Amino acid sequence: MLSKRLDIISPSCTIGISTKVKNMRQSGIDVISLSIGEPDFNVPRKAIDCGINSLNENCTKYDLVPGLTILREEICKKLLEENNCKYSIDEIVLASGAKDAITNALLAVTDPGDEVLIPKPYWVSYWEMTKLVNAVPVAIETNKKNDFKLTADLLEKYINPKTKLLLLNNPSNPTGSVYTKEELREIVDVCIEKNIYILADEIYERICYNDEFISIASLGDDVKDITITVNGFAKSAAMTGLRLGYTASNKEIAKGMSAIQGHLVSHPSLTAQYIGYGALKYCKDDIDNMVETYKHRRDLITTKLDEMKYVNYVYPNGAFYVFIDLSQVAKKYKYNESFSVEFCDEFLSKYNVAIVPGQAFGIDEYVRISYACSEEEFIEGLNRLEKFILEIMDTNN
């Protein structure tokens, strides 16, 4: 009697692992979690104060569906000053998290049967979101030699008359790879020529360790017109539980997304929006300090990985993850169906450390670890990982 839609989707792997960790901790087990993409910082104080002030002023009634005017104005200012993208407030739509923003975008531009191109490895929810809106996800097989980044030549091979949209995550979750301006230019030229939309998920754009982050929509008015930029506050301002994201697109797409949202959720929580406003307006230094901390952790964790046997990894230039190649270990490890799932399950049960199997991102011989946690936690977690790997390799030699 339930919807057939439930038969085609899988639960979120990362949320499942997070739930398992919480249950273990409630049972008194001391678990190190290097799994979830959640900053270990608090929301900046000045941002919180904006939310508190809004409640004190009884700002709790219905407001505009696309979001608070002052917040959309601040987002336009941010996009212009930081991303070199000029938008008006009627091209900005706030949503209840970046997930909601992506779903609104997919609903607005795809029809049942349209194909959405998703480079592998991909964030766990892209695949399921696409199926939920009755579009067809198509995985693009990228190459480790290029840090799993999409190229224009590769993209062209996957485009056909059913192709409607390319979903591009930059910086990438799970690899931490960041595209250069030249790499993006070649990709968008193909999209313009083939008349397909680009959904640019730039949720990690503030957590970028390169000299300059390039927003896809900044590459020209013709690119901006076919691009739906998705961003939010969860990663940069540690507002994960407050659920606030947004899109920037042309007016026609924005109007369509606003119409959809008007029926589904009306608008995001006003309190969250006021906190997001405060984060943008008053908390740049707080965000910059978080990024410096992540960069320091990145340097520590990659140094440790360089010393470990039997592993390789994609060097992260953004986000707060490392995608670790365990293909040497997979050759020795005895598993039934999925190397990464069974490896991560055994690692959690034996060593009380949670990491994410690469299968969740479409590549089974990898695992993802997050360094959005204390230095002590990820160093100890890596020490246990090294011990587990050596145990496997020694046992099977």
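The points below go through aromatic pairs, charges over rings, cysteines, cavities and pockets.

1. **Ground rules.** This is a predicted model, in which local features need pLDDT of at least 70 and side-chain atom pairs count only at pLDDT 80 or more, while totals for chains, interfaces and linings use all residues. Residues are numbered from 1 along each chain as its sequence is written, and side-chain values use heavy atoms, with hydrogens and water left out.

2. **Aromatic pairs.** Searching the whole structure gives 22 aromatic pairs. Here rings of Phe, Tyr and Trp (its six-membered ring) pair if their centres lie within 6.5 Å; planes under 30 degrees apart are stacked, over 60 edge-to-face, and the rest tilted. Take Phe 148 and Tyr 366: with ring centres 5.5 Å apart and planes at 80°, the pair is edge-to-face. Phe 148 sits in the loop between strand E4 (136-140) and helix H6 (152-158), and Tyr 366 in strand E13 (residues 366-370), so this pair ties together parts that are 218 residues apart in sequence. Helices (H or I, at least four residues) and strands (E, at least two) are DSSP runs, numbered from the N terminus. Both Phe 148 and Tyr 366 are buried, meaning under 20% relative accessible area, where exposed is over 50% and partly exposed lies in between (1.4 Å probe, protein chains only).

3. **An aromatic cluster.** Tyr 333 and Phe 339 also pair edge-to-face, at 5.6 Å centre to centre and with 80° between the planes. Tyr 333 and Phe 339 are both buried. Please follow the ring pairs onward from there: they join Tyr 333, Tyr 335, Phe 339, Phe 343, Phe 347, Tyr 351 and Phe 388 into a cluster.

4. **Charges over rings.** Two lysines are worth a look. Lys 149 places its charged end over the ring of Tyr 179, 5.8 Å from the centre. Lys 224 lies over the face of Tyr 87, with 4.4 Å to the ring centre. The rule asks for NZ of Lys or CZ of Arg within 6 Å of the ring centre and within 35 degrees of the ring normal.

5. **Cysteines.** How many disulfides does the structure hold? The count is zero, taking a disulfide as a pair of cysteine sulfur atoms within 2.5 Å. For Cys 85, the nearest cysteine sulfur is that of Cys 76, 11 Å away; Cys 85 counts as buried at 2% relative accessibility. The sulfur of Cys 283 is 7.3 Å from the closest cysteine sulfur, in Cys 50, which is too far for a bond. Cys 283 is likewise buried, at 0% relative accessibility.

6. **The largest cavity.** There are two cavities of 30 Å³ or more. On a 1 Å grid over the protein atoms alone, a cavity is a set of points where a 1.4 Å probe fits but cannot get out; a pocket is an open set with protein on both sides within 12 Å along at least five of seven lines, and lining residues have an atom within 4 Å of a point. The largest cavity has a volume of about 130 Å³, volume being the space filled by probe spheres set on the points. It is lined by 17 residues, with Pro 119, Pro 121, Asn 169, Ser 172 and Tyr 179 closest to its centre. Strands E3 (115-119) and E5 (163-169) are the elements giving two or more residues to this lining, and E5 gives the most, three.

7. **The second largest cavity.** This space holds about 90 Å³. Its lining includes Lys 78, Glu 205, Arg 206, Phe 233 and Tyr 246.

8. **The largest pocket.** About 820 Å³ lies here. Of its 38 lining residues, Ile 36, Gly 37, Glu 38, Lys 235 and Thr 240 lie nearest the centre. Helix H1 (13-26) supplies the largest share of this lining, seven residues.

9. **The second largest pocket.** This one has about 470 Å³ of space. Among its 21 lining residues, Glu 82, Glu 205, Asp 211, Glu 212 and Phe 213 are closest to the centre. Helix H11 (284-307) contributes the largest share, five residues. By class the lining has six nonpolar, five polar and 10 charged residues, with Ala, Val, Leu, Ile, Met, Phe, Trp, Tyr, Cys and Pro as nonpolar, Asp, Glu, Lys and Arg as charged, and the others, Gly among them, as polar.
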